[in-house]
Amino acid sequence: MELNKYVIGVDYGTDSVRAIIVDAANGKELASSVHYYQRWQKALFCDAPKNVFRQHPLDYLEGIEITIKDAIQKAGGKAVADNIRGISVDTTGSTPIAVDKTGKPLSLTPEFENNPNAMFILWKDHTAIKEAAEINDHATKFDINYLKYVGGIYSSEWFWAKLLHIIRVDEQVRKATYSWVEHCDWIPFVLTGGKDASQIKRSRCAAGHKALWAEEFGGLPPDEFFSTLDPLLAGFASRLFRDTYTSDVSAGSISAEWAAKLGLPADVKIGVGAFDAHMGAVGGQIEPYFLSKVMGTSTCDILVAPNAEMKDKLVAGICGQVDGSVIPGMAGLEAGQSAFGDTYAWFKNIVSWPLNNLLSSSKVIDEDTIEALKNEIFEEIIPELSRQAALLPIEETNELAIDWFNGRRTPDADQSLKGAVIGLNLGTDAPRFFRAIAEATCFGAKSIVERMIDEGVPVKGLIGIGGVAKKSAFIMQMMADIIGMPIKIHQHVHTCALGAAMFASVVAELHPNVEAAMEAMGGGFDVVYEPNAELSDVYAKRYKQYKGLGDFITFQTRQIEQSLSA
Ligand SMILES: Nc1ncnc2c1ncn2[C@@H]1O[C@H](COP(=O)(O)OP(=O)(O)O)[C@@H](O)[C@H]1O
Ligand SMILES: O=C(CO)[C@@H](O)[C@@H](O)COP(=O)(O)O
């Protein structure tokens, strides 16, 4: 391999985007830069109680420009920029948007610039619950099971449910929509100067896990599948795409406009995009049958298995299994939890209520001191709760929680479910409550491992990446104890971006394939949490209680739904 050739990995998370510049020879990071989405930070275009989470494309465009330029400057400026060979991008998903014939998002046109329906529908937007239920019902009417590769259940977090919802609720947007595009497909299209929506190179990862694409179906399900669901969908399937590409393939060279904007050479290769957890699994050096868990706001869990060994095996209730969605030539299996760190963030908000609402009217401290005090305390809430919770005895009668605060993604997607905490008494304080919800998130993680194993896919070990994996020894130890398996934490802070950089190195032909890039650029693991055998009994009992409570919550939810629809 040529020496001193650099690649850029860009990772679009839920709240922020980061770019890293990496030496393709050894994965050494030269610089990184993080940018928080400006409009998103102000919660513009969102309505959390109604599950509306929309992101403006300008947040993404500003973010990539700011972070890449900043990273280049930190890395040494032009000398480094001149040796950059490739850029690959991962994003959240399914996070699609309506575009016109030229591939321009409608919200980048004056008519729709403030219309949330013309923006990216973020993965955690659950406004399409009804449409997902309709898709699930409709799929049973066909001889071919179009849901077989997405775990048998279509989710409101995904591509078609979101498209159907938007074109139903917004006639103006419907009339102007030519195509429907995932965030991870739109960014490479922009960077390569695309001007025709029909030429967008669609990611195998996004299409297979969220849009019902499968080689076996000859692409997407036929137009008839969708037009008989709702005539408003007529024509989309045949117009959208047939072919998909794995992320070791180039989407093209950087456009002259973006090369000039970022100060990069004209021949920089842009890779086909993929979802964050999928590239993150590669960044975290995934091996067959290891479950790579990106643990942040949510979790996204990825397992790879050789196609020859998967054969016709289908895993029910996960978020899909797709040939080449992670590593070309292997099946990529996805599962996850819709709220993970978000559950802790929710509790932090609850306990911060007086700080947010009463402190500002204090007559004893001035405004600047209030701000400084708030910042100091906010930073310490989760770490201190974790320290206190770690000291509590683990008993069968402890408070017990269900982690479905943003619905249940896996096993068996059902976004209408909600969280719960039982067993409260007057002795329940903040650390005990926090411990219960933290434990529930770990039980949720165990139920994913259990589902894989029950369906005949062995899980040989766990790889932890993402913010919570890095920041919380408390949660990681609890998870190892509850699942009964060691968890190794990858050394890199920006593991998803590192995975994107690895893909960029393959696209730029600096490494022959993804496996070689992982080997050369990986860097290994820095901590391993071993399970504590003494706790296995009590946690087995608590897990049984968790499952029982989950069944009860599900039953109650159905009862309430029935009484509402009666
Ligand atoms: N010390 C901590 N312990 C546990 N969770 C934490 C801690 N600090 C932050 N978090 C959680 O980490 C999550 C953010 O994870 P991160 O990986 O940084 O973001 P993203 O999911 O957007 O990529 C938040 O939901 C937050 O509640
Ligand atoms: O669901 C997926 C990928 O399929 C993720 O994009 C989603 O969980 C978002 O994760 P992050 O909040 O970026 O950690």
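I count Ala, Val, Leu, Ile, Met, Phe, Trp, Tyr, Cys and Pro as nonpolar, Asp, Glu, Lys and Arg as charged, and the others, Gly among them, as polar.

**Ligand 1, classes.** I am working from a predicted model. With those classes I sorted the shell around ligand 1 and got six nonpolar, nine polar and three charged residues.

**Ligand 1, nearest residues.** I looked up which of the 18 residues around ligand 1 come nearest. They are Gly13, Gly296, Gly341, Gly467 and Ser472.

**Ligand 1, helices.** I then checked which helices supply at least two residues of the shell. I found helix 14 (341–351), helix 16 (367–390) and helix 18 (467–471). Helix 14 gives the largest share of the shell, four residues.

**Domains.** I noted the division of the protein chain into domain 1 (6–283 + 492–526) and domain 2 (341–490 + 532–565). Their centres, taken over C-alpha atoms, are separated by 29 Å. For the contact between them I list 13 residues from domain 1 and eleven residues from domain 2. On the side of domain 1 that touches domain 2, I have four nonpolar, six polar and three charged residues.

**Ligand 1 and the domains.** Where does ligand 1 lie relative to domain 1 and domain 2? Both domains give residues to the shell around ligand 1, so the ligand lies between them.

**Record.** I looked up residues 6–283 in UniProt, where an unreviewed entry places the feature "domain: Carbohydrate kinase FGGY N-terminal". Over residues 6–283 I have 35% helix and 19% strand. The end C-alpha atoms of residues 6–283 are 16 Å apart.

Terms used:
Residues numbered from 1 in each chain as written. Chains lettered and ligands numbered in written order. Predicted model: local features only at pLDDT ≥ 70, side-chain atom pairs only at ≥ 80, totals over all residues. Near = placed C-beta within 6 Å. Domains from an automatic or database assignment. Contact = placed C-beta atoms within 7 Å. UniProt positions renumbered as here; feature names shortened; annotations may be inferred.
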